[in-house]
Amino acid sequence: MRRINNISIKEFAREIGFVGCGIVRTEDFPEYKEALDNLIKEFPETEPLYSPMYNRAFIKSRFPWAKSVIVCIRYYGRYRIPKQVKGYIARNYLFDSRVPSNPDYLIVKKFTEWLRSKGVKVRKGGVPDRLVAYKAGLVTIGKNSFAYAGRYGSWINIVTYLVDEEIEPDIPIVRDICPTECRKCIDACPTGAIVKPYTVRMDRCISYLTYGPTIPLKKELEDRMGRWIYGCDVCQEVCPLNKETWEGKERLTHLENISDLLTPQAIVHMDVETYKDIVYPLFPYIPPDNIWRWHRNAERALKLCSP
Ligand code: SF4
Ligand code: SF4
């Protein structure tokens, strides 16, 4: 007898706060490997960034016990963006559900616990999230490479769970969403990271540039990063598919309480202890040893704030 089924999974996912849920069979994803191959071929300097992602294409061999992937969608557009941080810290990072003080952390955790309570073996993540959500029919992909989930726009996170149960998969309705002539995201991207429709170069994307590179950025690139201190929302904010998709009504007190410390003015002089205690727990991509990154990003933002 099956421990879980397509219907019970979706009901529980909705009940605890996910806004979408779908199922795909576990398989390898040669199209994902091919996309990485093409990126590296076209931009060889990106190889160190994309190589570690190859393993996501080989689910069958890495997780031979897994039979299905459950894909869940979390909508963070319900939350209010504190005015102090708007345009400096990207929305996805403000409402990161991997942070325990974010209430959505419990949604993700509850789902794992529920599966385990049914005797199901489960592993979170490890698959190409956007592709899997697309295959489950939950999202479509925009030319900016972001996943869009209907009325929730691109303000979503995809959470995946590999499970050792054969579950009836969903049959997706595949459709393109971007109007043929639209290229607003491409034209608006400050660093030219969207090199062509559906292709984003990570090594030029501000999101990565604010926290990832291990070597100093070329001035030419840094000068184009604008006021962003952590992440970037430009290509999503200009997108007509995101019109009226951000509700922004619910306040997150853990975030509101420290918003004054997240302004460029506060960050630029922040000491390591304050950073470690207050900021780092919410924004884990920059460890305290690398606080200089925050300082440098804040400095750049401040230059642009000055009259
Ligand atoms: S997140 Fe910013 S830098 Fe990255 S592709 Fe979008 S607009 Fe460009
Ligand atoms: S801005 Fe236009 S092209 Fe870009 S993702 Fe949105 S609809 Fe598609």
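The chain is divided into domain 1, which comprises residues 6-80 + 90-163, and domain 2, which comprises residues 184-305. The structure described here is a predicted model, and the values reported below are computed from it. The centres of domain 1 and domain 2, taken over C-alpha atoms, are separated by 22 Å. Across the boundary, 28 residues of domain 1 are in contact with 33 residues of domain 2. Helix α5, residues 91-94, contributes four residues to the side of domain 1 that touches domain 2, and this is the largest share of that side. The composition of that side, by class, is twelve nonpolar, ten polar and six charged residues.

In terms of secondary structure, the chain has 15 helices and eight strands. Its radius of gyration is 20 Å, close to the 19 Å that the globule rule gives for 307 residues, so the chain is as compact as a globular protein of that length. The C-alpha trace spans about 65 × 45 × 35 Å along its principal axes, and 36% of the 307 residues count as buried. When contacts between residues at least 6 apart in sequence are considered, 77% of them join residues at least 24 apart.

Strand β1, residues 20-25, has five of its six residues buried, so it is largely enclosed by the rest of the structure. This strand is joined by six bridges to strand β2, residues 68-75, and the two run antiparallel; within this pairing, V24 has V69 in β2 as its bridge partner. Strand β2 is in turn joined to β6 by eight bridges, again with the two strands running antiparallel, and here I73 stands opposite I158 in β6. Strand β6, residues 156-163, has six of its eight residues buried, so β6 too is largely enclosed by the rest of the structure. A further antiparallel pairing, over three bridges, links β6 to strand β3, residues 122-124, where V122 has V163 in β6 as its bridge partner.

Two ligands are present in the model, and their shells were examined separately. Of the 13 residues around ligand 1, those that come nearest are C189, C205, C232, V234 and C235. The elements that give two or more residues to this shell are α9, residues 206-211, and α11, residues 234-237. By class, the shell around ligand 1 has ten nonpolar and three polar residues, and no charged residues. Around ligand 2, the residues are G142, K143, N144, C178, C182, R183, K184, C185, V238, C239, P240 and L241. The shell around ligand 2 has seven nonpolar, two polar and three charged residues. At least three residues of the ligand 2 shell are drawn from each of domain 1 and domain 2, the two domains whose centres lie 22 Å apart over C-alpha atoms.

Y198, which is found in the loop between β7, residues 194-196, and β8, residues 199-200, has a phi near 70°, a positive value in a residue other than glycine. With 14 other C-beta atoms within 10 Å, Y198 is partly exposed. E244, found in the loop between α11 and α12, residues 253-256, likewise is not a glycine and has a positive phi of about 60°. In the case of E244, 7 C-beta neighbours lie inside 10 Å, and the residue counts as exposed.

Finally, R293 is found in helix α15, residues 291-305, where 19 other C-beta atoms lie within 10 Å and the residue is partly exposed. When residues up to four places away in sequence are not counted, R293 touches Y211 and I286. R293 and G153, which are 140 residues apart in sequence, are separated in space by 30 Å, C-alpha to C-alpha.

Note on methods: Residues are numbered from 1 along each chain as its sequence is written. Chains are lettered from A and ligands numbered from 1 in the order in which they are written. This is a predicted model: local features need pLDDT of at least 70, side-chain atom pairs count only at pLDDT 80 or more; totals for chains, interfaces and linings use all residues. A residue is near a molecule or strand if its C-beta atom, placed from the backbone, lies within 6 Å of it. Ala, Val, Leu, Ile, Met, Phe, Trp, Tyr, Cys and Pro count as nonpolar, Asp, Glu, Lys and Arg as charged, and the others, Gly among them, as polar. Domain bounds come from an automatic or database domain assignment. Two residues are in contact if their C-beta atoms, placed from the backbone, lie within 7 Å. The radius of gyration is taken over C-alpha atoms; the globule rule is 2.2 Å times the number of residues to the power 0.38. A residue is buried if 20 or more other C-beta atoms lie within 10 Å of its own, exposed if 12 or fewer, and partly exposed in between; C-beta atoms are placed from the backbone. Two strands pair if DSSP finds at least two bridges between them.
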